[in-house]
Amino acid sequence: MEEARNRAIAYLTSGLGQGGKAEAQLMANYPLPLSQKYRHLMVETMLRENVSGSSRAQVLDSLNNLVKALSILEKYGFNLTSVTRPKFWRSVKHNNPVFRSTVDAIQVLGSTDFEIVRAADQCNLCGGSAVVVCPSCANQSFCDACDDLFHRHPARTSHKREQRLKTMQGMCSICGVSPVHAQCATCEHMLCLKCDGLFHSHPERKGHTRTVLTPAKTNSSTPSNAEWQCKSCTVINQGSSILCEVCERPRLAPRPSINPVFSSPSSSTDTREQSHWTCQFCTFVNPPSAEVCKVCCSPGSPSDGPPHPPKSSGDAKHQGNPPRPKPRASLDLKRQERMREDGLKLVRQIKEAEKHGISPEEVYAALRACGGSSMDPCDWQASELPHLLDELCAMAASVQVSASAGGEGVKLSRAEAKLAWLASGGDTERAVTQLLRDRQMKMTELHSLGFRDACQCEKALLQSGGEVKGALSVLQRPLLDDFHQRIWNEQPEPPVDPNHPNKERMCRRLLALYGLPSWGRCELTLSLLQEPGVAYSLEDVVQAVRESHDRDFIRRVLNNKCPCCLSIFPRSKMQSLTSCQCSVCLDCFTQHFTIKVRDGHIWEMVCPICRGPDITDPEQLDSYFFTLDIQLRGCLEPEVYELFHRKLTEHALMKDPKFLWCCHCVSGFINEGDQLKVTCLSCCNSFCAKCKKTWEPQHQDLTCEQFHQWKRDNDPEYQRQGLAGYLRDNGITCPHCRFQYALTKGGCMHFTCSQCRYQFCSGCNNPYYTTGCRTEHCHFKGFHTHHPRDCLFYLRDWETTRLQALLQMRGVEFNTEPSDELQAGTCGVMEQKDEGGQLVDSPCGIQTQPGQAGLCGKHYGEYLVSLINAHSLDPALLYDAHDLIRTCERHHVDTQRADNEDDDAYHARLRKKLMEIPLGEKVPRNATHHPDTS
C-alpha cells in the first residue's frame, strides 16, 4: 500500500497524471479499512472557517461556494503538484469568474491537511520551483513571482528571505521546466535561455556575470510549442497555453459528454438558486434564459428545470431511480445531416450529367426549373429545355414589341436563350431580361464597327447563333467579294505606287504585302519613296523602315557609297569582311574575289580597300579564311569557289617539307622520293629537287655545286653570258617557299613570289608589311620593310669606285672586263618587267660602259654588292659623316656628342658602336665562284 502511495505521489509530482490515476485506482481496490487508505481531513474545521453569515440564506450560499470549490479542486487539484505547470493555476484564477467567487473566497488553499505535501524545492503557493526561503513564515519556500506578491503586504515586507542554492538537477531555477543554460554568479541562479534573457533584462541585473554551462538545446521532456485543439470546443490554441482560450478547459482534459448535468443543492435551497443551472464543464452558474454556457459555450438548457431531491415519503421507484434530465435533440446535427445528404445527391447528379455532356451549371439550372419534382435533370434537359428556350425567345420578342409599340419582334436563337438562362441560374424572368440586354450589347458592338443596318445585323446574329465574330464574318462577306475576285484572278498584282492618290489604299497594301508593324511606318515608307532625287527600291525602303522609325537613320542606311564603283547602295546590299570595317557593294565584292581566285594567289584574297588583314601572320591566317569561306560560298560561281578551295589546299600543303613547286609551271606536288630528279605531274618537265634548276643529264651523280661548276667550265652558253650568267645563277630565291628565279635584283626591291605570293625585299629577304609590323619602336602603318645596312637597297646608290674600294680594302677580287663571247653594246641580264599590267622576264637592254665587265651600271653595281655580301663586308668602313649619323639613327644608336669631342673621335665612336650591330641575317651570301677576269 505504501509503495503504491509513493508511486502515485511520484507520478503526480512529476506531472504524469494518468499514472497517478492508475495507482490511485490500485489503492482503492486494496482490501484495507478506509482509515488506512485515505488521509483524514478536518471537515468540521473547514466548515467553520468557510461558513459565514447569520441568516440561513447566507449560510447556504457559503456551503454552495464550498461545494463548488471542492469540485474545482477535485478536478484540477492534481495539477498543483506538477512542477511542469507552475503557471496553470494563476491563469485559471485570473480568467475564471467562478474561480474568483469560490476558491479565492474559502480558506482551503492554506490548509496543509488538504494539500498534498510539497517537495522541499517547490513553492508553497503555486507549486513551482522554489527560489527563496522565508524563516519568518515558518521556513516556507516561494518562487520569484509568489515571493514578490506574498511579501508585498505591509505586515510581511520586513521579512528576510534566504536564497535557495540547490535547484532541481539540470532544470531552471525559475520556471523549473527548461534545462539550465547559464549560471549567474551574482544572484546564484541556474537559468534557462529564456528565463535568463527575461530575468537579467532588468536594469539592476544587467551587470550580472553569467557562465554558460551548456548550449540551449531542445529537450524532449519540455512541452511542445505546437498548436493544440481543445477537445471540448475544438478551438485551436497556442502551444504555450495550458487552458483553452474559450472554454478554459485543460489541454489534456477528455472530451465531455453531450448531456448537461445540473447541480443539485439541498432541498432547502431558495427559489433564486433553483432557477439557475450550473455548467458541467466549467461549473459556471448560468441564468435560466441561457441555452448554452456563457463561458465555455457548452450545450445546456434549464427548460426542464433542476432536478428536485426525492421526498422522504416517496415511493421506492423514485428513491431507487433519481430523475435525470431529458436529452435535447440537436437541430444543428439534423440540419447538417440533411445538407450532407443533399450535397451527395447533387454530386451524383452532376457526375451522371457529365457522362451525357451536361455541365454542372446546366444541372443547377435544371434542378431549379424542375422545382420539387423528382424528374432527373438529364431527362428534363432532353425533353423540356428546348420548349423552355423557345418560350424565352417568344417572351423576349413580345417584351420588345410592347416596348417599341408595334413592329416585328426581334428574332433570337436558342443558343442566346440558353446562355441567358444559364447566366440567370434558371430564373425565367431574369433570363428574358439578360437575353434582351445581351442582344442590345451585341447590336451596339456591331454598330460601332460600322454596320448600321439593324435588320442585317439581326439576321447575321441569328445565323451565327448570337456570336459577334460569326456575325462579322457574315456581314463582311459581301464587302470582300471584289477582293476575292481579284485574288482568284491570275493577273499579276499591280505594284505599290507611292504617288497613287489614294494614300490609305497604298498603306493597306503595304500592311498586307510586307507586314509593316504599324500604319505610321507605312506612311513613312511612302514619304521616303516620294522624296525628290532618290532612287530607292521599295524592298530596300521597307527593310530599312522595319529596323527603325528615325528618318535620318533610315537615310543613312539607304545611302552608302561603294568605294570601288562609287555608286550608292543601301546597307543591306553592302558586304564587308570580318577583319575590317570597309564595306563594298555585292557586285564589287564578288568581282574582286573572283579575279583574285582565278588570276592571283591565296595571299591576295584580302580587302580591296585597306588590303587587310596581314595574312602572312599564321595566327590570323586560319581564322580569316574560315570566315571568308562562309562569305564566298554564296557569292562566287561554283567553279570559282571550287578553285578557291583548291588553292587553299595547296597553301596548306606548302607547309609540308616534301611539297615542291614546279620551276616550269605554277603547279605543285608532294615528292615522296629522295632523288634529286623530280618530274612535275602537270607539265611533265623535270628539275632538281634541291637547286630547282632544269634537269640535265650531267647533273646525274653530281651535287648541285659540282654541277654548277661544271657548267661554268664547260657550257659555252654560260661562258658566253659571262657575269650575266653569274647574276642569273645567283638570282632571287623566295625565303618563304625557296623557289628560285633566274633574275637579277636590280630595279624595284619589292619582289612578289609568283608561287606563294610572298612579298619581300630581293636584297635582304626581309618581308614587306602592308600594315603595321611588330618591329620594336616602329610606328609606321603603311607599306614598308626594314633593310639592314648591307642590303642592296642602300648599297645600289654607291658609286662603282666606292664599292670597288670596299672590296679592295678586304682583298676581294672582281671583274672589270667582259668575256670574249659576250657581245658588247647592251646589257643582257634578265629582269622582271611590267608590260601592259603583266610581269614578264626580258633582257635589261641598257647601254654598257667600259670597265664594268659588259654590264650596265645598275647590274655591275649589283654584281659588286653580291661580292660584298658573299664576303660579309661591313659598309660602315666607308661611311661619311652624313651616312654614319643617318644609319645610327636608323639602328637607334645614341648620336649624342660628348663635351669637347672632336669630329674624328666622335665619328670613330659612332662607327665602332654601329659595327657592333650585326649585319642582316637574311641577306643572301652566296659563295659561288665568279668568272675570272679576262
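## Confidence in the model

The model is predicted, not determined by experiment. The mean pLDDT of the chain is 75. Of its residues, 74% reach 70 or more.

Start with Phe 199. It sits in helix α9, which covers residues 193-199. Is Phe 199 buried or exposed? Its relative accessibility is 11%, so Phe 199 counts as buried, the cut-off being under 20%. Leaving out residues up to four places away in sequence, Phe 199 touches Asp 144, Ile 174, Cys 187, His 189, Leu 191 and Arg 205. Take Ile 174 from that list. Phe 199 and Ile 174 are 25 residues apart in sequence, and their C-alpha atoms are 9.1 Å apart in space.

Now turn to His 189, one of the residues that Phe 199 touches. His 189 belongs to strand β5, residues 189-191. It counts as buried because its relative accessibility is 5%. Beyond four places in sequence, His 189 touches Val 131, Gln 163, Ser 173, Ala 182, Gln 183, Cys 184 and Phe 199. Gln 163 is 26 residues from His 189 along the chain, with 9.1 Å between their C-alpha atoms.

## A buried loop residue

Loops can hold buried residues too, as Thr 848 shows. Thr 848 lies in the loop between β24 (838-843) and α33 (857-870). Its relative accessibility is 15%, so Thr 848 counts as buried. What does Thr 848 touch, not counting residues up to four places away in sequence? The list is Gly 825, Thr 826, Cys 827, Gly 854, Leu 855 and Cys 856.

## Helix α34 and its buried side

Helix α34 spans residues 881-890. Leu 884, Thr 887 and Cys 888 are buried in it. Why are these three on the same side of α34? They cover an arc of only 100° around the axis, so they share one side of the helix. An α-helix has 3.6 residues a turn, so residues three or four places apart point the same way.

Helix α35 (903-915) is among the elements that cover the buried residues of α34. Just after α34, His 892 takes a positive phi of about 60°.

## Salt bridges

Side chains of opposite charge can pair when their charged atoms come close. The model has 19 salt bridges.

Lys 355 and Glu 352 meet in a salt bridge, at 4.0 Å from N to O. Both lie in helix α12 (residues 331-355), three residues apart, about one turn of the helix. Lys 355 is exposed, with a relative accessible area of 67%. Glu 352 is partly exposed, at 35%. Arg 555 and Asp 552 form another salt bridge, with their closest N and O atoms 3.3 Å apart. They too are three residues apart, in helix α24 (residues 551-558). Arg 555 is partly exposed at 31% relative accessibility, and Asp 552 is partly exposed at 46%. Both also belong to a network of salt bridges that links Glu 531, Arg 551, Asp 552 and Arg 555.

Arg 802 and Asp 883 also meet in a salt bridge, at 3.5 Å from N to O. This pair links distant parts of the chain. Arg 802 is in helix α32 (residues 800-809) and Asp 883 is in helix α34, 81 residues apart. Arg 802 is partly exposed at 23% relative accessibility. Asp 883 is partly exposed at 22%.

Which residues make the nonpolar surface patch of about 560 Å²? They are Leu 479, Leu 480, Phe 483, Ile 487 and Trp 488.

Look at Leu 479. It is found in the loop between α19 (468-476) and α20 (481-488). Its relative accessibility is 62%, so Leu 479 counts as exposed.

Conventions: Residues are numbered from 1 along each chain as its sequence is written. This is a predicted model: local features need pLDDT of at least 70, side-chain atom pairs count only at pLDDT 80 or more; totals for chains, interfaces and linings use all residues. Side-chain values use heavy atoms; hydrogens and water are left out. Buried means under 20% relative accessible area, exposed over 50%, partly exposed in between (1.4 Å probe, protein chains only). Helices (H or I, at least four residues) and strands (E, at least two) are DSSP runs, numbered from the N terminus. The arc is that of the directions from the helix axis to the C-beta atoms. Contact means heavy atoms within 4.5 Å. Patches are made of residues with over 30% relative accessible area and no salt bridge: like charges are joined within 9 Å, nonpolar side chains (Val, Leu, Ile, Met, Phe, Trp, Tyr) within 5 Å. Accessible areas come from the Shrake-Rupley method with a 1.4 Å probe; for residues, only the protein chains shown count as cover. A salt bridge is a side-chain nitrogen of Lys or Arg within 4 Å of a carboxyl oxygen of Asp or Glu. pLDDT is the predictor's confidence in each residue, from 0 to 100.
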